[in-house]
Amino acid sequence: MAANNDIVIKIGTVNGTGSASANGLLRKAIFRMGVPVVGKNYFPSNIQGLPTWYEIRVTGEGHQSRSNRVDVMVAMNAQTYSRDMAEVTPGGWLLYDSTWPRSELLNRDDINVLGIPLSKMCNEHFDGVRARILMKNIAYVGALAALLDIDLEVITRLLEETFGDKQHLIASNVEAIRLGYDYTKEHFSCPLPSKVEAMDATDGHIVIDGNTAAGLGCMYAGATVGAWYPITPSTSLMDAFRSFCTEFRVDPETGKRTYAIIQAEDELAAIGMVLGASWNGARAFTPTSGPGISLMSEFIGYAYYAEIPAVIFNVQRTGPSTGMPTRTQQSDILACAYASHGDTKHVLLFPADPAECFYTAQQAFDLAERLQTPVMVLSDLDIGMNDWMIPDLEWDENYVHDRGKVLDAEALESIEKFYRYLDVDGDGIPYRTLPGVDPKGAYFTRGSGHTKLGAYTEDSAAYQDVVDRLLVKWETARALVPGPEIEYSKFNKSAILTVGSGHGACKEALERLQAENIGLNYCRVRAFPFSESVKEFLAQHDTVYVVEQNRDAQLRTLLMLDAEGDPRRLVSLLHYNGMPINAGFVVDAVQKERSKGRAA
Amino acid sequence: MSYIAKPKVAHPSLKRNKLGLTTRDYEGTVSTLCAGCGHDSVTAAIIQAVFELDIEPHMLAKMSGIGCSSKTPAYFASQSHGFNSVHGRMPSVTTGANTANRDLTYIGVSGDGDSLSIGVGQFVHAIRRNLNMCYIIENNGVYGLTKGQFSASADIGSKPKKGLPNQQEPIDPVSMALSLGATYIARGFSGDKAQLVPLIIGALKHGGFALVDVISPCVTFNDHEGSTKSYAHTRQFYHHVIDMDYVPPAAEIRTAYDEGEAMPVELHDGSKIVLRKTEADYDPTSRAAAFKYLRERFNQGEIITGLLYIDDERSEMHDLMGNVDRPLSELELDKLHPGAAGLNEILGHYK
């Protein structure tokens, strides 16, 4: 262990045994002590029985990514005991349930092993199989509280908040905490050399996952129609939207809803519903993951060409095909950028954390309506389903949603004739009308060849005129999408460029590399098409390390296609094993590449 | 599909509806389907139906997928918005559109390929949601645009122009809709406009999912001897079991009906459908009886037409979801969230 407030705790349990609430309690208690935390779930595609882990990084310095070490392992799952033990960093600690004997073969001399009879204590103190299993989880939180010096008062308060007036539940949970706490205090030297030490670094912050933040963002964006087909890891986004809407979108007088959530029969239908609703003027969205994008592709191309707004959240998971549904990756970048047959390309937004999921959700709806095109928000499982500490979300009361170029009845009356696909303003964005407003606004929406006036055509020149105008719109999009985050010093000739959830690991890596006198500039792209400043950034550097989480360097390819990236200067650092990227990987990879350069 | 606009000159003697519009005002561009195509007769029936219902053109939404049938929304109601979507996906687009704006009247035109093969899943689920729409299947048993392959509605033994007769079981949209819980199920024939227009009118007025399966022969690929979807075959075997008249809200039933023949059904808006039974023992309110009757007659080779089943009691999609009466698309966005104060309160749960 490095120091106080720099500790990684990993808890290995069995899926479906209720450990999530115990782990959440532990993570929250540390946060309430004012110490920044990161919580990551490593879970199987399973309901009950397979191994699952929760990793808490106590990070006084406020890092965002995972760390590739384990200081304290709580090995509650016999099935994974040996590999959990193997994972502990030398000098670290391992807790296990000593109710049952453990083979001496399962031992390591370079770590400290602490046996606590958790099951035995819980069986003696609680009735019922379910209660005993649940309380065993709470008891290891008590043990960790003793070892890491976590404030019992804080834990008790959290339990009171959770259970409200259910006194018996508060009492039994507190009892379980004490069982673990007292036993540990009595039998081991507490606290450990590195512990949790109260700070005041979490004021003005929350801990939230990206899917919840995105669902909240959709509510604030005024989304009224959500259509979806359940798919891991995007499902909790719609769950969150539903839960916020249940609270804030029900007319108090009539009990009727100002939102509609449709569980579609598949992703083809989900995107069809989004297009139908958007065509009719509602703000509509669908959350999905890779396989869903594949199914939606035909419609995405349709929406591009017929110019219908749509907001699609792709919470990426590990591919290809079914891949590993509960592991993270950034492997849909190209599939989304060019989704569908024919000449199509799409606006992509890349949030880096849950805060950006909230704000990006709003931007996505504004851009989709402004540009009359699908906008895809590319999150991933790491952002979407893990617990991130972010600054409090803010809502500007003066914010005005951008509904784009929509002609109302009055505007229609003032023009001679309405033409759906005419570029009146020269920005490549035509005006649109909504059904139900005025007969003068009627037009026929079609994916087949159409002229700039909106009529059917098979005429080469008239067709080409429309697809060329879409490129004008593409350049307008380039200027409208959020620009990159850049840290630049003219003294650095090399840089790191990353996207989305690579941000936290890269920022931490930059600090570590700087400490070794390796100065690198930094660019985090936030949207596709790439802003002019991304092109400039690439041109300013001899070497740009492109850090991304897929095998085939998809972001690098996109930089070459859309930002004039010189392939000789773009060096890929690829992390694609399904686990969230960490700073250590980036540091090692950069050093390796640099030493290659020297050798050459 | 056509880009040729029809001249919009109405003869002074043409009948006008309550909006002062003539049937010409509900026409679209010139059809590019084959001369004699059944679909053009269906288009004419749709024009007649929306004209008679005094539907304001901008309050009608025309939806379709891909295929000959799906081109037809361009051929009627040119003052209405149309959405010619992708193959087999008209139901989902209509579901979304209707979710956003429940005030419009939705007419979807599909075909047997579009609805019974590539789009069968969406067809099924639109029924399940009791989506408020008039869903017309122009059913000819073949794929026209790709030059004459059998569709899923082709009957066993039906002969193609070239090659061997079909041996696979046909999918019958009417039986399917009956088993899935559709609340208005009709079958007509493109060659019988007198029967078809009221069926479409009833479907447009019905407050839920209304299927009108129309046998609509393909003159180019499936109108020969040996085809069971030809004009000649349909005329020979088709059989009206139940016809209907539409009576607008607050109007009286004026037609004289024979004793025991007329059966009025009141619709959600106060209008009525009066069913005229030609088969005294047919009960169009019993799903089980309808199914049994249709299967028996089907086995005898008959094509049963008319309003075959109706249930105007069941709630449509919006009411099942509990949505507000106003179209969701018209709600003011800044009233759809609890503002900065509400956000602070929400954040409290994540501290």
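Me: Which residue just after α18(A) takes a positive phi?
Reply: This is a predicted model, in which local features need pLDDT of at least 70, side-chain atom pairs count only at pLDDT 80 or more, and totals for chains, interfaces and linings use all residues. Residues are numbered from 1 along each chain as its sequence is written, with chains lettered from A and ligands numbered from 1 in the order in which they are written. Helices (H or I, at least four residues) and strands (E, at least two) are DSSP runs, numbered from the N terminus. Just past α18(A), a positive phi of about 55° is taken by Glu564(A).

Me: Which residues of α18(A) are buried?
Reply: A residue is buried if 20 or more other C-beta atoms, placed from the backbone, lie within 10 Å of its own. The cover over the buried residues of α18(A) includes β17, α17 and β20 of chain A, among others. In the helix itself, which spans residues 554-562, the buried ones are Gln554(A), Leu555(A), Arg556(A), Leu558(A) and Leu559(A).

Me: Is His541(A) buried or exposed?
Reply: His541(A) sits in the loop between α17 (532-539) and β20 (543-548) of chain A. Its C-alpha atom is 5.5 Å from that of Ser494(A), 47 residues apart along the chain. Because His541(A) has 21 C-beta neighbours inside 10 Å, it counts as buried.

Me: Which residues touch the most other members of the largest nonpolar core?
Reply: A nonpolar core is a set of buried Ala, Val, Leu, Ile, Met, Phe, Trp, Tyr and Cys residues joined through C-beta atoms within 7 Å. The largest one has 254 residues, and its largest share, 12 residues, comes from helix α4 (residues 129-148) of chain A. Touching the most other members are Leu144(A), Val546(A), Cys134(B) and Ile200(B).

Me: Which element gives the largest share of the side of chain A that touches chain B?
Reply: Two residues are in contact if their C-beta atoms, placed from the backbone, lie within 7 Å. On that basis 57 residues of chain A contact 51 residues of chain B. Elements giving two or more residues to this side of chain A include α7, α9 and α10. The largest share, 9 residues, comes from α9(A).

Me: What is the bridge partner of Arg446(A) in β2(B)?
Reply: Two strands pair if DSSP finds at least two bridges between them. Here 3 bridges join β15(A) to β2 (residues 81-84) of chain B, and the strands run parallel. The partner of Arg446(A) in β2(B) is Asn84(B).

Terms used. A residue is buried if 20 or more other C-beta atoms lie within 10 Å of its own, exposed if 12 or fewer, and partly exposed in between; C-beta atoms are placed from the backbone.
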